[in-house]
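Take a moment to look over the chain before reading on.

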Amino acid sequence: MNLQQQIENVMEEVVTWRRTMHKHPEISFHEHWTSGYIKSELEKMGGVEISQPTETSVLGIIRGANPGRKIGLRADIDALKIQEERRDIDFASTNDGAMHACGHDGHAAILLGAAKVLLHNIESLHGEVYLIFQHAEEEPPGGAQEMVATGLFDDLDFIYGQHLFTPIPTGKIGITNGPITSNSDTFDLKIQGRGGHSSQPENSIDPIVIGGQILNQFQTIISRITSPLDSAVISTTKFHSGSAKNIIPDSAVLEGSIRTINDETRETVRERMEKAIDGVCAMYGATYDFSFNYGYSAVVNEDTVTDRIRKMATEEFGDKVFEYPLAMGGEDFAAFSRIIPATYAWIGAGNREKDMEYPHHHPKFGIDEDSFIDGVKMMVHTALEMTQPE
């Protein structure tokens, strides 16, 4: 039986694994049933060295029969705090308030499928393959950071991750060099003014006026401080103040997110935000409390290994492989890509005819299961290719 037939033969199990996990979603840092289920399925396969680097993650190691390099294949396994609204499927979430609304159930199932195929090819496999079932991608500081902190992955030669992605139609695979996601940070700002009667603003320090000017200053940072060639976004998503129409409040709270693609711009934006806040508050006599909260860093695909993955993928998939543009979302795979040469790919999983076009994190989100074979194929061929000795 050739490799393609082996991959095709495992797909029924992949769908079963995915649907089982979809019925039992668990939010970040609480993936106890999920990690236990994954361990059980790996144990059934045999030939996998299994451990739990953290309380709710799983690591399986497959050792090839031939010398070679040590690589990682990563899949995230957590769900989201969302009430599922799809009731046209018989495997809908049974956990109230939790849902696999980003495809991580598919990611974990695909990695299990890749593991089974690789075990069938142990005699031709080189090196070692680390099967990384990572917890808590959805909630900062993220599970990847915790796993990296164990030191277990410091000597990997390469790591590969991928995401089932409904904005891309099933059958397409996006691979891009360099940054593919953004630094994903947040901010909290409290402006302390002085309240008073709305008819006597001169006796008050109006935090709403101050907050409005700061908000505008933030946008000027993007348009006049950062380069037009550098992607950067500041979005103020909360602005809360006041309790009555005739009262100037004494404080205002602003919160939001900051997206950048490199460390230099990230620090420039942070510094200029605080300078803008300090300057406006000083002008009006207000005080403030500001925090810039570092989140996930940008995922960066290293050029040499990504060129190699693109070449392999093109040989297997032909013109289905394309360059997907930079996405300004966040992904904690960055914790791995900052210490290990990495490639992260987008696996098309959208299908309009099957009503699989809802955005990720939507309560009606769904993924086209016909895309799973592409995910398994990418992981299997990546492992066979990248474990080869130099």
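In what order do the 4 strands of the open sheet stand? The order is β10-β12-β8-β13, and the pairing is antiparallel. Keep in mind that this is a predicted model.

Strands of a sheet pair through backbone hydrogen bonds, either parallel or antiparallel. Now look at the edges of this sheet. β10, residues 232-241, and β13, residues 287-296, stand there. Each has a single partner strand, so one side of each is left without a neighbour in the sheet. Neighbouring strands are turned by 15° against each other on average, direction ignored.

Next, pick out one pair. Strand β8 covers residues 183-192. It pairs with β13 in the antiparallel sense, over 8 bridges.

Helix α5 spans residues 207-225. It lies across β8, β10 and β12, and runs at about 170° to β10. Helix α6 spans residues 263-284. It lies across β8, β10, β12 and β13. Its direction is about 165° to that of β13.

Now turn to another pair of helices. Two packed helices are described by the angle between their axes and the distance between the axes. Here the pair is α1, residues 3-23, and α9, residues 372-386. Their axes come within 9 Å and cross at roughly 125°. That makes α1 oblique to α9. The crossing is right-handed.

Which residues of α1 and α9 meet? From α1, they include L3, I7, M11 and R18. From α9, they include F372, V376, K377 and L384. The residues of this contact divide into 11 nonpolar, 2 polar and 3 charged.

The loops hold some details of the backbone. P140 and P141 are joined by a cis peptide bond, with omega about 10°. Find P141 in the loop between β4, residues 126-134, and α4, residues 143-149.

Finally, go to the loop between β16, residues 342-350, and α9, where D355 lies. D355 has a phi near 60°, a positive value in a residue other than glycine. H361 is found in the loop between β16 and α9 too. Its phi is positive as well, at about 75°, although H361 is not a glycine. Are these residues buried, exposed or something in between? D355 counts as partly exposed, because its relative accessibility is 39%. H361, at 38%, also counts as partly exposed.

Definitions and conventions. Residues numbered from 1 in each chain as written. Predicted model: local features only at pLDDT ≥ 70, side-chain atom pairs only at ≥ 80, totals over all residues. Heavy atoms only, no water. Pairing = 2+ DSSP bridges. Helix = DSSP H or I, 4+ residues; strand = E, 2+ residues; numbered from the N terminus. Axes fitted to C-alpha atoms, helices over the stretch in contact; angles between N-to-C directions. Contact = heavy atoms within 4.5 Å. Parallel < 35°, antiparallel > 145°, perpendicular 65-115°, else oblique. Left-handed = near helix turned anticlockwise from the far one by under 90°. Nonpolar A, V, L, I, M, F, W, Y, C, P; charged D, E, K, R; others polar. Buried < 20%, exposed > 50% of the residue type's maximum accessible area, 1.4 Å probe, protein only.
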